[in-house]
Amino acid sequence: MANDMEKGETAETESAWELPSACGTAALPEDDEEEEAEESVLRGLSVLPVERCIRRPECARCGRPQKVCLCPFLPAHPLNVTTCLYIVQHPAEESRVLRTVPLLAACLPQDKCKVFIGRRFSEDRYPELAAVCRNPGTLILYPGMQAANLEEVACVPSQFPCTIIIIDGTWSQAKDIFYKNSLFRLPKQVQLKTSISSQYVIRTQPTNTCLSTLECAAVALALMEKNDFIEETILRPLQALCSFQLQHGAQVHHSKEHLLKNGLYDKPMPKNKRKLKKMELLVNNVKI
Ligand SMILES: [Zn+2]
């Protein structure tokens, strides 16, 4: 870690506490790549001295262990927003060590941030979610060829109150949730251009341009509400969390892209030609 920090890199630019979700324009990696990415992130997390094994008493507001409560970094009052967020969370995400959705929820009024946990969402079992998906004002944040740029969508005045659905999970979990639930293909699909908010990007696997769920939400809300203060406010607890973890011995986590480009990739190169090709593309900045 010391070496990494000597290079002048900070938690905000190079660490990864989150796996990518509904972000950017990067194409979805293959499953094996994702598993590797997840494994790598988990390995990074294993050095964290906090929250291992035993669940300590948690703060009711931020969901963090009481000793490392992030409430001082949360807004005194929930942000005043008209856009509503529906977070669709993969069950594995709920039990992850570093969860950011509770931080997001703590920044917003209760009725503006709803979390649904699961993998399959049928009309019968989730009538509220189904109704939201059918609402003309609803958008789903998921990158792809059909996805419009949220920045452009936000500029067009709408007669409907806006709801944004964000899928919280790893790439493969998000892909599974998006494609296997027909409900989620009803809303207009949007994506964030990754240049937005690049100063805040927490770099992560598999490329340097993926945003965490909390970051996606912060950027999306700021665009919809036309208020940059919202983004700053939501990102504040995340920045505090990252710097806290770094101060307590967590390693700066580089993306595979960064490691390959800087000759720091220390794992054996794959023998499989397809995988090798993918890594080549990653180094050459080609979207894979
Ligand atoms: Zn707290």
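**Legends to close-up views of a predicted model**

**View 1. Overview of the chain.** The chain has 12 helices and 6 strands (DSSP runs numbered from the N terminus: H or I of at least four residues for helices, E of at least two for strands). The model is predicted: local features need pLDDT of at least 70, side-chain atom pairs count only at pLDDT 80 or more, and totals for chains, interfaces and linings use all residues. Residues are numbered from 1 along each chain as its sequence is written. Of the 288 residues, 41% count as buried (20 or more other C-beta atoms within 10 Å of the residue's own; exposed means 12 or fewer, partly exposed in between; C-beta atoms are placed from the backbone).

**View 2. The open sheet.** Its 6 strands run in the order β2-β1-β5-β3-β6-β4 with parallel pairing (pairing requires at least two DSSP bridges between two strands). β2 (113–117) and β4 (148–149) are the edge strands; each has a single partner, so one side of each lacks a neighbour in the sheet.

**View 3. Strands β3 and β6, with helix α9.** Residues 138–141 (β3) and 188–191 (β6) pair in the parallel sense over 3 bridges. I140 is opposite Q189 of β6. Helix α9 (residues 213–225) packs on the sheet and touches β1 (84–89), β3 and β5 (163–168) (contact: C-beta atoms, placed from the backbone, within 7 Å). The directions of α9 and β5 make about 165 degrees (axes are lines fitted to C-alpha atoms, for helices over the stretch in contact; angles run from 0 to 180 degrees between N-to-C directions).

**View 4. The loop residue K226.** K226 lies in the loop between α9 and α10 (228–247). Its phi is positive, about 50 degrees, although K226 is not a glycine. Most residues other than glycine have a negative phi. K226 is exposed, with 9 other C-beta atoms within 10 Å.

Conventions
Contact = placed C-beta atoms within 7 Å.
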